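This report goes through selected parts of a protein model. Please look at the sequence and the structure before reading on.

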Protein chains: 4
Amino acid sequence: MKALIKDNPVRGATFTDRPIPQIGDNDLLVRVKAAAICGTDIHIYQWNEYAASRIKLPLLFGHEYAAEVVEVGKNVANFKKGDRVAAETHVPCSHCYQCTTGLQHVCQDMKILGVHMDGAFSEYSILPAVCAWKLDSSISYEIGSTMEPFGIGVHALSKTKPAGKKVIIFGCGPIGIYAQMVAKLSGAEYVIGVDVTTERLDLARKMGTDIVLNAKKVDVVEEVNKITKGFGTDIVVEITGNKGVLNDATKTLRRGGDIVLVGLFSGPVEWDLVNNVIYKEANVYGVTGRIMWDTWWSAQSMLLSGKMDVSPVITHRFDLKDYDRAFQLAESASTGKIIFNI
Amino acid sequence: MKALIKDNPVRGATFTDRPIPQIGDNDLLVRVKAAAICGTDIHIYQWNEYAASRIKLPLLFGHEYAAEVVEVGKNVANFKKGDRVAAETHVPCSHCYQCTTGLQHVCQDMKILGVHMDGAFSEYSILPAVCAWKLDSSISYEIGSTMEPFGIGVHALSKTKPAGKKVIIFGCGPIGIYAQMVAKLSGAEYVIGVDVTTERLDLARKMGTDIVLNAKKVDVVEEVNKITKGFGTDIVVEITGNKGVLNDATKTLRRGGDIVLVGLFSGPVEWDLVNNVIYKEANVYGVTGRIMWDTWWSAQSMLLSGKMDVSPVITHRFDLKDYDRAFQLAESASTGKIIFNI
Amino acid sequence: MKALIKDNPVRGATFTDRPIPQIGDNDLLVRVKAAAICGTDIHIYQWNEYAASRIKLPLLFGHEYAAEVVEVGKNVANFKKGDRVAAETHVPCSHCYQCTTGLQHVCQDMKILGVHMDGAFSEYSILPAVCAWKLDSSISYEIGSTMEPFGIGVHALSKTKPAGKKVIIFGCGPIGIYAQMVAKLSGAEYVIGVDVTTERLDLARKMGTDIVLNAKKVDVVEEVNKITKGFGTDIVVEITGNKGVLNDATKTLRRGGDIVLVGLFSGPVEWDLVNNVIYKEANVYGVTGRIMWDTWWSAQSMLLSGKMDVSPVITHRFDLKDYDRAFQLAESASTGKIIFNI
Amino acid sequence: MKALIKDNPVRGATFTDRPIPQIGDNDLLVRVKAAAICGTDIHIYQWNEYAASRIKLPLLFGHEYAAEVVEVGKNVANFKKGDRVAAETHVPCSHCYQCTTGLQHVCQDMKILGVHMDGAFSEYSILPAVCAWKLDSSISYEIGSTMEPFGIGVHALSKTKPAGKKVIIFGCGPIGIYAQMVAKLSGAEYVIGVDVTTERLDLARKMGTDIVLNAKKVDVVEEVNKITKGFGTDIVVEITGNKGVLNDATKTLRRGGDIVLVGLFSGPVEWDLVNNVIYKEANVYGVTGRIMWDTWWSAQSMLLSGKMDVSPVITHRFDLKDYDRAFQLAESASTGKIIFNI
């Protein structure tokens with residue numbers, strides 16, 4: 001099969017042939033139909049420190065995807081050949097405290113598809129059945145491949161009750177925009193999106209964000225103060241992972257509000273906790289991945305409701321062989337979701 | 001001043017002249033601008049058992065209203081002449097356990113405007129300052145007079161998280177429709193409205209309810225089973241107060257769902273708790289009035305968001321002198337909100 | 001093997017020999033060590049309408065038990081021969097909405113051990129691996145056999161926050177007493193236990209309940225009014241399943257309090273919802289079974305904390321062949337937990 | 001009257017005579033009976049940067065106190081001469097969003113007694129009626145003067161559900177010990193207290209903390225790992241305000257646990273949010289002051305329950321004239337609560 005392999009500890013990847021893998025008794029073999037590029041994939045492609053410290057080569061990477069089941073492991077009861085599936089990328093052990101109390105997505109012994117085990121930038125992939133989500137017949141493979149990042153937005157907002165609330169979301173990359181769409185769908189009084197890229201702010205506005213702010217052009221704290229007439233925001237969602245953003249982001253929060261942390265900072269962050277969390281009596285929620293399977297059920301309901309159309313968040317489509325152009329574009333941080341049709 | 005007085009223990013009321021009342025040190029004297037007819041007012045007008053057991057005559061009734069402040073009690077610090085206000089009708093004692101823990105609306109020693117003390121179907125009214133809500137300049141007196149019943153809808157849904165959920169609301173009177181609008185604004189996958197009156201179901205559909213069911217024409221349990229493909233509803237809101245409705249309503253609920261009880265039943269209800277609550281592990285929330293002042297802040301945010309227009313829920317307007325026609329219409333249970341412009 | 005079989009649709013049971021059963025690929029074969037009599041077992045023994053409408057004969061009944069693993073199905077990864085286990089009696093399908101969102105215990109397609117499939121009043125039993133809980137080495141088989149009913153008490157109180165609260169629990173059978181012990185452990189200001197049997201009230205007092213009330217001898221509503229100085233209780237837990245109790249029980253609740261419903265009523269209940277739930281804005285929580293596996297983790301932590309000793313709740317022990325005496329005693333509703341050592 | 005005044009911007013204070021103050025219409029004049037030294041008072045006494053940046057001289061300081069009402073402002077309805085009261089030190093405006101939604105303790109325009117206005121190290125003090133709590137007749141003035149810091153412990157733990165959970169609390173000063181006592185009362189599996197002072201660790205153990213760790217003598221992260229057998233803690237409460245503690249403290253937390261932040265750090269803190277909050281999907285709760293008045297009701301219930309005796313946390317008592325010795329002792333960070341009997 002065709003596959004995109006990270007085989008050398010330098011920038012780049014190799015598009016090559018590989019044998020179709022053998023599945024275990026608890027796995028599915030799937031024919032990948034669409035796979036999206038995630039921030040983690042960019043790290044792997046660039047081979048930066050984040051990647052170098054985590055990844056063992058060679059690796060078939062890529063983990064946001066949708067596929068068709070072509071073979072079913074013998075212990076697997078609830079899937080059959082021909083089923084359409086999307087992949088949850090956090091592979092839980094199923095037995096630890098977290099796995100047995102509804103927190104599989106933060107399993108103590110978690111593996112991640114395309115990071116700790118082979119992924120899906122390829123024609124076929126092994127999907128542990130515990131990570132397979134049956135795709136509704138009305139949801140395309142392309143949209144299916146984005147349910148994983150869309151789910152992060154769903155999960156992030158599920159920590160809060162946005163109806164009638166002033167919501168600000170830092171970051172207008174795909175996850176940021178998904179989060180903004182979910183906040184808007186959930187009845188926010190208004191949603192403010194913040195980024196530094198004109199293309200992403202334009203996309204946010206196009207997708208329905210009420211107010212967009214370019215942090216390069218305005219003083220966000222001051223601007224939010226004006227917009228909220230000194231009230232502050234009720235809910236702050238941080239999705240940039242930029243250490244310089246956190247203090248300003250949480251300065252905009254009113255006393256007694258909620259902070260959701262999604263973006264991954266590169267190392268410890270200097271945070272004025274006394275003024276931004278303690279004196280404000282803020283609630284801060286760390287968010288990673290998606291709750292299995294609450295988030296997926298909610299995400300599916302939102303998509304099926306007909307009240308949001310996430311398809312324009314996919315801004316570019318490529319063949320897998322054109323991976324180099326795709327990754328260069330992804331690195332620009334100015335696009336929506338980039339998809340490989342496989 | 002002109003005033004509508006319930007002075008005899010029989011059907012009807014008297015439109016008459018009364019002296020402008022004297023306020024106490026903690027009160028506001030207000031010039032009533034718009035007052036809406038509530039179900040309780042119909043009880044008082046009809047003088048049914050509900051009214052006869054609660055009301056001492058004579059009574060100036062009416063309690064859903066908006067007004068202009070014309071005089072300020074000397075202990076009142078935060079209101080001034082000319083302020084536009086809407087009235088919270090639950091008058092809390094401010095000192096009991098409930099009042100000091102955020103539950104003023106279920107104060108142990110609560111009085112209700114227009115029930116236990118004179119109300120507002122009149123040119124002037126006494127409004128305890130503790131019950132006055134400053135009306136935003138962009139909200140009209142008419143809409144202001146409906147913030148009290150609108151608030152019940154807001155409060156009812158605030159017990160739940162409707163985003164991505166299947167919501168069914170029994171009752172398409174004004175509060176039912178408000179609740180449906182709030183559920184929809186809050187991102188429900190879909191909202192089902194149930195009633196027995198064509199006019200009300202038409203109004204519900206007009207206001208955005210996704211699916212309406214006429215309980216006289218279809219078997220609601222069966223129909224919901226079809227709509228949800230056997231899944232059941234996530235959230236059931238009961239606003240009819242009809243004892244015959246409760247078991248069917250909660251039969252539609254999926255296991256692990258939420259039930260919100262708003263409608264006032266006339267006496268105890270035979271409820272199959274084992275099958276509809278215990279085996280389902282349902283959460284049931286009693287709802288009365290509005291949380292002071294969370295609900296009002298949320299209600300205001302929703303109105304100001306520009307994402308919902310509640311004005312068409314007001315279907316009829318009358319002069320106070322035409323009270324008789326207004327009440328006859330209200331009794332038909334086929335209208336939206338009926339307003340007196342005063 | 002020796003086994004207690006319900007084989008005829010009349011009062012009683014048959015103590016007999018049976019072949020050791022064959023397990024499936026996802027099951028464990030276990031050697032039962034201790035099994036407790038549950039209310040459901042009494043129904044089956046008596047063959048009342050509850051039993052007759054649910055049970056297909058013949059049935060090996062009994063479901064509260066602890067055991068040693070003697071054989072492991074070939075798909076089962078996390079158990080091995082010699083493991084000590086306790087049994088969760090709700091057998092979930094693992095695939096429905098409830099099962100995939102942390103609500104396995106109210107699975108849409110749930111089976112119950114000893115009700116819908118053979119149970120454990122026998123030397124050996126089949127335990128689906130999905131229902132096996134590894135017993136901590138410091139917990140005896142006897143205590144292990146009561147973790148299932150103890151878990152109901154843990155789960156019931158987990159709906160509330162008892163610390164510093166006035167808690168009343170109706171019913172001083174084993175589950176009632178467990179619930180009272182959990183409420184006390186959780187820091188309740190005081191716990192009131194209500195029953196009609198002197199023996200059970202004595203046992204409740206012995207196990208630490210602060211105040212016990214005999215509903216046959218005092219007017220509970222009046223007495224609670226005195227005890228709480230008119231304040232009412234913060235938390236009401238109903239475990240009697242007696243239809244006559246519910247209105248009085250919830251009359252004791254303060255406005256804004258919590259009601260937990262555990263007891264199974266025989267048919268619909270006449271409940272004054274307006275005064276006991278809606279005007280009070282009470283929260284009502286239906287409770288059945290135990291959350292898998294949160295409740296078990298909590299139950300284990302409480303037992304291991306050394307801060308509660310549940311062993312005296314077991315008041316009687318029998319050999320399985322003396323089942324008749326055991327059931328007669330159980331029917332008296334005046335004992336603690338009755339155990340078969342097998 | 002005798003009063004302790006901070007009048008010069010240097011270390012120390014002046015014990016002197018002052019006229020009894022004049023109350024406003026919404027105030028109470030109270031005769032102070034007992035007043036406790038708070039960390040803030042030490043800052044003021046030392047005149048460090050924290051104090052210098054906040055305090056305007058001269059100031060009558062001290063704010064944790066209990067007193068008898070001797071005069072009642074004319075707008076005050078619910079207090080009378082002779083009432084025994086404890087003081088809430090956060091003075092809310094009563095009108096902002098926070099004040100009208102149950103968050104008076106984080107009022108946007110909050111004043112603090114003894115910081116922004118005169119306090120209570122004196123024979124008489126002005127207590128705004130909005131901040132007066134009626135002391136139960138069975139609670140002494142001494143204990144009453146500690147309800148404010150005790151309340152912080154109550155409030156901190158109220159963010160979590162400690163029953164059956166492993167709780168670790170960093171800091172064994174008075175608030176730390178109160179928090180540990182509340183965690184234990186609330187049914188924690190075990191409570192671990194951490195400090196660097198032998199006297200405080202001894203006091204913690206004496207008050208019932210299950211395990212105490214001296215961070216100067218052991219590696220806390222390693223030690224907790226052993227104690228919890230690699231599981232980690234469920235709930236981390238940070239009360240030291242020591243920037244060096246936060247990362248280690250939150251390293252002990254299991255995935256999916258709760259962090260409560262109470263201690264005030266001097267400036268921004270370098271926190272490894274990715275590993276300690278985001279990947280763990282931790283919930284972080286900022287805590288300041290006490291909820292008005294939920295926390296006070298809970299604190300009172302806990303004291304009245306007879307299940308905790310906080311009196312030994314008061315380790316020293318002084319006359320106000322011996323303030324110098326009292327403050328030197330307080331600075332040692334090795335005592336429990338220090339009280340002035342006035």
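In which loop of chain B is the place of Glu281(B)? Glu281(B) sits in the loop between α9 (273-278) and β17 (283-286) of chain B. The model is a predicted one.

## Backbone angles in loops

Glu281(B) is not a glycine, but has a positive phi of about 45°. Is Glu281(B) buried or exposed? Its relative accessible area is 4%. Buried means under 20%, so Glu281(B) is buried.

Ser94(D) is another residue with a positive phi, of about 75°, although it is not a glycine. Ser94(D) is placed in the loop between β7 (90-91) and β8 (111-112) of chain D. With a relative accessibility of 34%, Ser94(D) counts as partly exposed.

## Cis peptide bonds

Two peptide bonds are described here. In chain C, the bond that joins Met292(C) and Trp293(C) is cis, and omega is about 0°. Trp293(C) belongs to the loop between β17 (283-286) and α10 (294-304) of chain C.

In chain D, the peptide bond from Leu57(D) to Pro58(D) is cis, and omega is near -10°. The loop that holds Pro58(D) runs between α2 (49-52) and β4 (59-60) of chain D.

## A sheet in chain B

In what order do the three strands of the open sheet in chain B lie? The order is β2-β1-β4, and the pairing is antiparallel. The edge strands are β2 (14-17) and β4 (59-60) of chain B, each of which pairs on one side only. Strands of a sheet pair through backbone hydrogen bonds, in a parallel or an antiparallel sense.

Strand β1 (residues 2-6) of chain B is joined to β2(B) by four bridges. One pair to look for is Lys2(B) with its bridge partner in β2(B), Asp17(B).

In chain A, β1(A) pairs with strand β2 (residues 14-17) in the antiparallel sense over four bridges. Here Lys2(A) has Asp17(A) of β2(A) as its bridge partner. β1(A) is also joined to β4(A), by two bridges, and these strands run antiparallel. In β4(A), Leu60(A) is the bridge partner of Ile5(A). Four of the five residues of β1(A) are buried, so β1(A) is largely enclosed by the rest of the structure.

Helix α1 (residues 39-46) of chain A has these buried residues: Thr40(A), Asp41(A), Ile42(A), Ile44(A) and Tyr45(A). Their cover includes β1 (2-6), β3 (27-36), α2 (49-52), β4 (59-60) and α11 (323-331) of chain A. Just after α1(A), Trp47(A) takes a positive phi of about 55°.

## A buried threonine in chain B

Thr335(B) is in the loop between α11 (323-331) and β19 (337-341) of chain B. Its relative accessibility is 7%, so Thr335(B) counts as buried. Leaving aside residues up to four places away in sequence, Thr335(B) touches Pro174(B), Arg200(B), Thr315(B), His316(B) and Leu329(B).

## Chains B and D

The same surface serves both copies, as 100% of the contact residues of chain B recur in chain D.

The contact involves 11 residues of chain B and 11 residues of chain D. About 1000 Å² is buried between these chains, and carbon and sulfur atoms give 57% of that area. In chain B, the residues that lose the most area to chain D are His95(B), Thr100(B) and Trp297(B), together 42% of what that side buries. Between chain B and chain D there are six residue pairs in polar contact and zero salt bridges.

## Chains D and A

The contact between these chains takes 42 residues from chain D and 44 residues from chain A. Arg255(D), Ile278(D) and Glu281(D) supply 20% of the area that chain D buries against chain A, more than any other three residues. The area buried between the two chains is about 3500 Å², of which carbon and sulfur atoms give 57%.

Two salt bridges cross this interface, and 21 residue pairs are in polar contact. Lys159(D) forms a salt bridge with Glu281(A), and the closest N and O atoms are 3.0 Å apart. On the side of chain D that touches chain A, β15 (253-261), β16 (269-271), α9 (273-278) and β17 (283-286) each supply at least two residues.

Conventions
Residues numbered from 1 in each chain as written. Chains lettered and ligands numbered in written order. Predicted model: local features only at pLDDT ≥ 70, side-chain atom pairs only at ≥ 80, totals over all residues. Heavy atoms only, no water. Pairing = 2+ DSSP bridges. Buried < 20%, exposed > 50% of the residue type's maximum accessible area, 1.4 Å probe, protein only. Contact = heavy atoms within 4.5 Å. Buried area = accessible area lost by both parts, 1.4 Å probe. Salt bridge = Lys/Arg side-chain N within 4 Å of Asp/Glu carboxyl O. Polar contact = N/O pair within 3.5 Å; in protein donor to acceptor, adjacent residues only side chain to side chain.
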